[in-house]
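Hi,

Here's the structure I promised to pass on. Have a look at it first, and my notes on what turned up follow below.

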Amino acid sequence: MIGRKELIMANHIIKHLVIDIEKTIGNKLLLLGVRPYAGYKEGVKGEQEGLAFNCLSETMDFEKVDIKVAGIMKPPFEFDGTPVPVEFEGLESKVWQDWNNKGEVKLSITAKNISLLANSGGKQIKLGGDKT
């Protein structure tokens, strides 16, 4: 069983991790969905701060990741729910522990901006199968 001392040490290490988020999630991201996100202060939910973009990361074996962009209340391009390739500018990340979920380690990703991928070459990733 992990003791309090080990948990405190693990939390200290996690706070100081530096992750190259661009290498971690890659540059082949497929936008799946968009939702508003609110900020929290001292555990209390506040006002909407921006949008969270749910994307599929090919580099991470097609894991879904949420990337938050503060200050925008609607996507800067038309998005009808059909998956489209996107790119982010100014990506940053931090690792944190969710103590409400047995100390599970989570990744928080933010960006300064999002745009449609300019040179997708017409290629899209089919969610149910092969690349086309």
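Before the strands, one convention: two strands pair if DSSP finds at least two bridges between them. The strands themselves are DSSP runs of E with at least two residues, numbered from the N terminus. Also, this is a predicted model, so local features need pLDDT of at least 70 and side-chain atom pairs count only at pLDDT 80 or more, while totals for chains, interfaces and linings use all residues. Residues are numbered from 1 along each chain as its sequence is written, and side-chain values use heavy atoms, with hydrogens and water left out.

On to the strand pairing. β1 and strand β4 (residues 84–89) run antiparallel and are joined by three bridges. Within that pairing, leucine 29 has valine 86 in β4 as its bridge partner. β4 also pairs with strand β7 (residues 113–116), again in the antiparallel sense, over four bridges.

Next, the salt bridges (a side-chain nitrogen of Lys or Arg within 4 Å of a carboxyl oxygen of Asp or Glu). The count comes to two. One of them is between aspartate 66 and arginine 35, whose closest N and O atoms are 3.0 Å apart. Since aspartate 66 lies in strand β3 (residues 63–70) and arginine 35 in strand β1 (residues 29–41), this pair ties together parts that are 31 residues apart in sequence.

For burial, I call a residue buried under 20% relative accessible area, exposed over 50% and partly exposed in between (1.4 Å probe, protein chains only). Aspartate 66 is partly exposed at 31%, and arginine 35 is partly exposed at 39%. The other salt bridge has lysine 106 meeting aspartate 98 at 3.1 Å, N to O. Lysine 106 is partly exposed at 27%, whereas aspartate 98 is buried at 12%.

And the aromatics? Rings of Phe, Tyr and Trp (its six-membered ring) pair if their centres lie within 6.5 Å; planes under 30 degrees apart count as stacked, over 60 as edge-to-face and the rest as tilted. Searching the whole structure gives one such pair. The ring centres of phenylalanine 53 and phenylalanine 88 are 6.2 Å apart and the planes are at 65°, so the pair is edge-to-face. Phenylalanine 53 sits in strand β2 (residues 44–57) and phenylalanine 88 in strand β4, so this contact ties together parts 35 residues apart in sequence. Both phenylalanine 53 and phenylalanine 88 are buried.

Cheers
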